[in-house]
Amino acid sequence: MDQTDLPTIDFSELVSADGLKFSTPKQVQVCRDLVRAFCSTGFACLQNHGISSEKIDSAFSKSEQFFSQDTKVKGQFTRKEGETVGWTRIGVEGFNPDRPTDLKELFNIKPEDDQPWPNDTIPDFSSTMLDFYQRCSTLNHQVLKAIAVGLDLADSEYLNTAHCSTSMTNLCLLHYPPIPEDIHEGQIRCGEHSDWGSITLLFQEGGLEIQNSDGEWWAPPCIPGSILVNVGDCLQQWTTDQLKSTRHRVSLPKDDASSRSRRSMAFFSMPNNDCVIECLDGSAKYPPVVAIDYFNKKLDEIRNRGSK
Ligand SMILES: O=C(O)CCC(=O)C(=O)O
Ligand SMILES: [Fe+2]
């Protein structure tokens, strides 16, 4: 497969399956195709995935309403130290430590009691987002089961069970404002990185670049209504590097696109906090690590970098 090919996977066979029972030859073929995409590009484009364009649009619309508010209003929802949920202003997170912080703000969502909801200023924000989160979660489990079947794991429930209790899984709304005049040298919208979790469901409309094995950057095509899904470091480690956690980034836009903002949403699927990530093939290539320790270390690396 060409290293700048984005494999497209038609998920309809799996979405219409009886629960997570992917056993017909057609269903098994889809699972194998997905795993093949993850073994080469690390990314796939999911079509007929069961999340309607209306649902995606309404989540985007609520997200836009949130970010368009005054900084003072957003400030009330600031993510607390050590927590996952809430608003993170520009200048806090930076994915590539060799660059200044990313030109993005974000709002993290988890269906938990301490989630701050801006329902007073944005009616139906929480109901829209919780509904969207559940749909992403369903698709997440379909993808995880597909991976287990495509990999021929002895226990095809293994990955689903490893994603069924308290975890750092979250939905991240992202807003990249128009590029200001006074940015720092090397500053971009989202620095080069690989995701850390199991898989990421990414809703974006252009601007993403993926690195191929020659180190070159390419932009995957954007197919309306489709969802990108990619492998994170944790799943790469779990599968002893069989599935690839591919680096990606969002550069500065060209020409007049600089004056426009960009939006995206990412559903980061993470294993249960207490899950021990051990190579599934029984090898000792990576020492076992408890998921929560792994993620806390990664979070420390990207956050609190000041307002460089
Ligand atoms: O905004 C995007 O399209 C990509 C964001 C991303 O890669 C991330 O937040 O991990
Ligand atoms: Fe990412």
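This is a short talk about ligand 1 and the cavity around it.

The model is predicted, so to speak of local features we need pLDDT of at least 70, and side-chain atom pairs count only at pLDDT 80 or more, while totals for chains, interfaces and linings use all residues. Residues are numbered from 1 along each chain as written, chains are lettered from A and ligands numbered from 1 in written order, and side-chain values use heavy atoms, without hydrogens and water.

Start with the space. The structure holds 1 cavity of 30 Å³ or more. A cavity is a set of points on a 1 Å grid over the protein atoms alone where a 1.4 Å probe fits but cannot get out. The volume, about 450 Å³ for the largest cavity, is the space filled by probe spheres set on the points. Lining residues have an atom within 4 Å of a point; of the 33 here, Glu93, Phe95, Cys172, Asp195 and Phe268 are among the closest to the centre.

Ligand 1 sits in the largest cavity, meaning that more than half of its atoms lie within 2 Å of the grid points.

Which residues come nearest to ligand 1? Of the 13 around ligand 1, they are Tyr176, His193, His248, Arg262 and Ser264, where a residue counts as near if one of its heavy atoms lies within 4 Å.

Now the polar contacts, pairs of N or O atoms within 3.5 Å. Oxygen atoms of ligand 1 lie 2.6 Å from a polar side-chain atom of Tyr176, 3.1 Å from one of Asp195 and 3.0 Å from one of His248.

Conventions:
A polar contact is a pair of N or O atoms within 3.5 Å; within protein, one must be able to donate a hydrogen and the other to accept it, and residues adjacent in sequence count only if both atoms are side-chain atoms. On a 1 Å grid over the protein atoms alone, a cavity is a set of points where a 1.4 Å probe fits but cannot get out, and a pocket is an open set with protein on both sides within 12 Å along at least five of seven lines; lining residues have an atom within 4 Å of a point.
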